[in-house]
Amino acid sequence: FRVKNILWLFKLSILLEQAMMLYGLFLLCGKLFRHAATRFFVCLGLILSTVWLLQVYWNFRIYYLLPLTLYLLLRWMETSRLRDLCLAGVVCVFSLVGNIAYFGALYALLLFIFVVASFLCVRPDWRAMLRPRRQDVLWLLLLLAMAGLYLYFAAHMLDQIHSCPENRDPG
């Protein structure tokens, strides 16, 4: 690449991450709230409370795709389509890339609590969930491939690092 201004690329990536969070929150608010004004003010609060200068400390990368994941999980419970569940999984795995590995366990706990609480309210059609369509298999394969790649890289990320305590001879 012949990029001269790396700071511009960083600002663009932060802007895209904020746009993805805003999009996910907009969709999630559409499921949770009746009035468009509520959706507008929640999204406005998100945009006005995000300090993009501090994003270099990676706190935003932890949760920026969480509203989109929650929306897709709610849509899966309402429609009983395996595609929505797999897409939620793909978005969740994608959000873990570039973060510290233990965030995966925190995501799993948070999403488990959300799904259990949502099952009490939504009452999904279990028979439709257990009958996947042909195209759902492709989404499931994509999810399994992404999760497998993430787990492989997470398991081997420290393979080439050799650490010796100070003043100790390793051999």
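Threonine 69 has its place in helix α4, where helices (H or I, at least four residues) and strands (E, at least two) are taken as DSSP runs, numbered from the N terminus. The model is a predicted one, in which local features need pLDDT of at least 70 and side-chain atom pairs count only at pLDDT 80 or more, while totals for chains, interfaces and linings use all residues. Residues are numbered from 1 along each chain as its sequence is written, and side-chain values use heavy atoms, with hydrogens and water left out.

With a relative accessible area of 2%, threonine 69 is buried, a term that stands for under 20% relative accessible area, with exposed meaning over 50% and partly exposed in between (1.4 Å probe, protein chains only). Not counting residues up to four places away in sequence, threonine 69 touches Ala88, Val91, Cys92 and Leu111, a contact being heavy atoms within 4.5 Å. Between threonine 69 and aspartate 84, which are 15 residues apart in sequence, the C-alpha to C-alpha distance is 9.6 Å.

## Helix α4

The end C-alpha atoms of α4 are 20 Å apart, which agrees with the 20 Å that its 14 residues should span at 1.5 Å a residue, given that the expected span of a helix is 1.5 Å times one less than its number of residues. Helix α4 is mostly covered, with twelve of its 14 residues buried; among them are Leu66, Thr69, Arg75 and Trp76. The partners against which the buried residues of α4 pack are α1 (6-32), α3 (60-63), α5, α6 and α7. Just after α4, serine 80 takes a positive phi of about 60 degrees.

## Confidence

The chain has a mean pLDDT of 85, and 92% of its residues reach 70 or more, pLDDT being the predictor's confidence in each residue, from 0 to 100. Among the elements of the chain, α4 has the highest mean pLDDT (93), and helix α7 (residues 126-129) has the lowest (76).

## Aromatic pairs and a charge over a ring

Rings of Phe, Tyr and Trp (its six-membered ring) pair if their centres lie within 6.5 Å, and planes under 30 degrees apart count as stacked, over 60 as edge-to-face and the rest as tilted. By this rule the count comes to four aromatic pairs. One of these is the edge-to-face pair of tryptophan 76 and phenylalanine 119, at 5.8 Å centre to centre with 65 degrees between the planes. This pair links distant parts of the chain, since tryptophan 76 belongs to helix α4 (residues 66-79) and phenylalanine 119, 43 residues apart from it, to helix α6 (residues 103-122). Tryptophan 76 is buried, at a relative accessible area of 10%.

Tyrosine 152 and phenylalanine 153 also form an edge-to-face pair, at 5.5 Å centre to centre and 70 degrees between the planes. Here tyrosine 152 is partly exposed at 47% relative accessibility, and phenylalanine 153 is exposed at 54%. Elsewhere, the charged end of arginine 39 sits over the ring of phenylalanine 26, 4.2 Å from its centre (the criterion is NZ of Lys or CZ of Arg within 6 Å of the ring centre and within 35 degrees of the ring normal).

## Helix α8

Helix α8 (residues 134-155) has 22 residues and reaches 32 Å from its first C-alpha to its last, close to the 32 Å expected at 1.5 Å a residue. Its buried residues are Asp136, Leu143 and Tyr150. They cover an arc of only 60 degrees around the axis, which puts them on the same side of α8, the arc being that of the directions from the helix axis to the C-beta atoms. The buried residues of α8 pack against α5 (82-96), whereas the face turned away from the buried side carries the exposed residues Arg134, Leu138, Leu144, Phe153 and Ala155.
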